[in-house]
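Hi,

Here is the structure I promised to pass on.

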Amino acid sequence: MALYDFAKGIILEAGNKVRHMMKDDMDIEMKSNPNDLVTNVDKATENYLYETIHHNYPEHRVIGEEGHGHNLKDTQGIIWVIDPIDGTLNFVHQKENFAISIGIYHDGKPYAGFVYDVMRDVLYHTKVGEGAFENSHQLKPLEDSELKTSIIGINPNWLTKPIMGKVFAPIVEDARSARAYGSAALEIISVAKGQLAAYLTPRLQPWDFAGGLMILNEVGGVGSNLLGDRLEMNHPNSILMANAKLHREILNNYLSEFEETIAKHHEQRFGRKREK
């Protein structure tokens, strides 16, 4: 079986397992803070994906949110970047609006991306260079927009922060409106479908954006960090996802004046200075 078809099969089966496990009581643990949760379903789903991948492709490596591959030293070979439940707060509180996300890379280059909206049974997927799909329906190329006529995605909590709030407030003020859905993967998919024109956040892990970014790129969307730099699959970053025109507008007209602030945020949060 081709790798792409294998990946489609296991993400759908993982979703089946999640729906089945949701019938039982969940074990919920707090990680770094009360808003950072993990459940037995997150762990079981990642373990299923990890074990199934390694049974069929023992030479492949896996980076997973719940502990696999966090000390990856290089990007050679086939690497899977997995979020077993993206939108865990939604999963716990709402029992919907969460996704399983997978990005597959070959020697550091994007190969295939998958985002499975589990409760709606909708799989978004792409084999890079061959179009992006919602189940079997091909997604259309994105249309450009301007901020003043755009709905953007951003968590309102960031607007309350003393530093990043100042960066984001003018963008939210000038946009037509803003939304927050609570699952980064699904918000990136909303940009890829044109339902949101942009999605911004100052901090996201690669397993949150890997699959969605490939799908967004396939329809002509652009993803970068808040400085306009390329996103890598082996470290966290800030995020700006948008249609091409709006990406340029936000980057050039809003974020450029905060370049030092954003660079300092990167250094403090991620321990990395910007490469010139």
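Domain 1 and domain 2 bury about 2100 Å² between them, with 68% of that on carbon and sulfur atoms (buried area being the accessible area, 1.4 Å probe, that two parts lose on being put together, summed over both). Asp86, Tyr105 and Tyr124 supply 23% of the area that domain 1 buries against domain 2, more than any other three residues.

A word on the basis: this is a predicted model, where local features need pLDDT of at least 70, side-chain atom pairs count only at pLDDT 80 or more, and totals for chains, interfaces and linings use all residues. Residues are numbered from 1 along each chain as its sequence is written, and side-chain values use heavy atoms, with hydrogens and water left out.

The domain assignment, an automatic or database one, gives domain 1 as 1-136 and domain 2 as 145-268. Their C-alpha centres lie 22 Å apart. In contact terms (heavy atoms within 4.5 Å), 38 residues of domain 1 meet 21 residues of domain 2.

Across the interface there is one salt bridge (a side-chain nitrogen of Lys or Arg within 4 Å of a carboxyl oxygen of Asp or Glu). The side chains of Lys193 and Glu134 meet in a salt bridge, at 3.6 Å from N to O.

On the side of domain 1 that touches domain 2, the elements giving two or more residues include strand 4 (78-86), strand 5 (99-106) and strand 6 (109-117); strands here are DSSP runs of E, at least two residues, numbered from the N terminus. Strand 6 gives the largest share, seven residues.

Best wishes

Definitions and conventions
Helices (H or I, at least four residues) and strands (E, at least two) are DSSP runs, numbered from the N terminus.
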